[in-house]
Amino acid sequence: MAGHSKWANIKRQKAVVDAKKGKTFAQLSRAIIIAARSGVPDPSLNFQLRTAIDKAKAADIPNDNIERAIAKGAGTFGGDGANFEAIRYEGYGPGGVAILIEALTDNRNRTAADLRGAFSKCGGNLGETGCVSWMFDQKGVCVVSGVNDEDQLLEASLEGGAEFYEMTEDDMAEVFTEMSNLEVLSQILKDSGFQVDDVELRWIPSNYIEIVDSEQGRSLLKLIDSLEGLDDVQNVTANFDMSDSVLELLV
């Protein structure tokens, strides 16, 4: 099942030289608001909220900001009537690359206009709902470090109901499972002595478009950067692959 981490690997390589690393305070706070609103506002009882808080703390967001975001999601914080909703947008980049954008917004019209502008400036097109999502499956992913025994990882992954895993570096792996099983898998990996650095939901392309032209690659990366730079955008996924040699020329 190799290849599911291609886009993740490209994003990691880009991050080495990206001016904007990680999520902004606003993006991470919105994720907490949505998580608190979609379940109980108690991290011990809400896995999505607990995960969002962990990511916010890793980005050094102050506890006061985190508590305020939880209160907004729970509807107990006065003075802010913003009503954020999660929306998925879809489109095509240069070369016909399929792109999925996950956004949290309090103004659909503004977000759609911003996305349309980013696509048009970089040779892409914002499409209709469903135009590319059929090419992706959403999976839960646990990012694990300190893997010294791959057999032990395999055993723990099977016990946790994982579908497959991929070694990404010498001692790091990504373990994939159904979305509904992510919390169970994460806990079993931890109980088995592995360090779970991150848990997330990720869109996995069913096929990839190989980018060999540097100019096309430059346009694609510019589009991805433009989309990720929008405040309403939480995550961007695309189905292209790019060799290390081409990527090094661009970043």
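Asp-106 is partly exposed, with a relative accessible area of 38%; buried means under 20% relative accessible area, exposed over 50%, and partly exposed in between (1.4 Å probe, protein chains only). The structure is a predicted model, in which local features need pLDDT of at least 70 and side-chain atom pairs count only at pLDDT 80 or more, while totals for chains, interfaces and linings use all residues. Residues are numbered from 1 along each chain as its sequence is written, and side-chain values use heavy atoms, with hydrogens and water left out.

Asp-106 forms a salt bridge with Arg-110 at 2.9 Å, N to O, where a salt bridge is a side-chain nitrogen of Lys or Arg within 4 Å of a carboxyl oxygen of Asp or Glu. Arg-110 is partly exposed as well, at 32% relative accessible area.

## Other salt bridges

Glu-178 and Lys-139 pair through their side chains at 3.0 Å, N to O. This pair links distant parts of the chain, 39 residues apart: Glu-178 lies in the loop between strand E6 (172–177) and helix H7 (182–191), and Lys-139 in strand E4 (residues 136–145). Helices (H or I, at least four residues) and strands (E, at least two) are DSSP runs, numbered from the N terminus. Glu-178 is partly exposed at 38% relative accessibility, whereas Lys-139 is buried at 15%. Elsewhere, salt bridges that share partners join Arg-30, Asp-106, Arg-110 and Asp-232 into one network.

Arg-88 and Glu-90 form a further salt bridge, with their closest N and O atoms 3.6 Å apart. Arg-88 is partly exposed, at 33% relative accessible area, but Glu-90 is buried, at 1%. Over the whole structure the search finds 12 salt bridges.

## Cysteines

The count of disulfides is 0, a disulfide being a pair of cysteine sulfur atoms within 2.5 Å. Cys-122 is buried, with a relative accessible area of 6%, and Cys-131 is buried at 18%.

## Helices H5 and H8

The axes of helix H5 (residues 108–121) and helix H8 (residues 214–228) come within 9 Å and cross at roughly 165°. Axes are lines fitted to C-alpha atoms, for helices over the stretch in contact, and angles run from 0 to 180 degrees between N-to-C directions. H5 and H8 are therefore roughly antiparallel to each other (under 35 degrees counts as roughly parallel, over 145 as roughly antiparallel, 65 to 115 as roughly perpendicular and the rest as oblique).

Leu-115, Ala-118 and Phe-119 in H5 meet Leu-223, Ser-226 and Leu-227 in H8, contact meaning heavy atoms within 4.5 Å.
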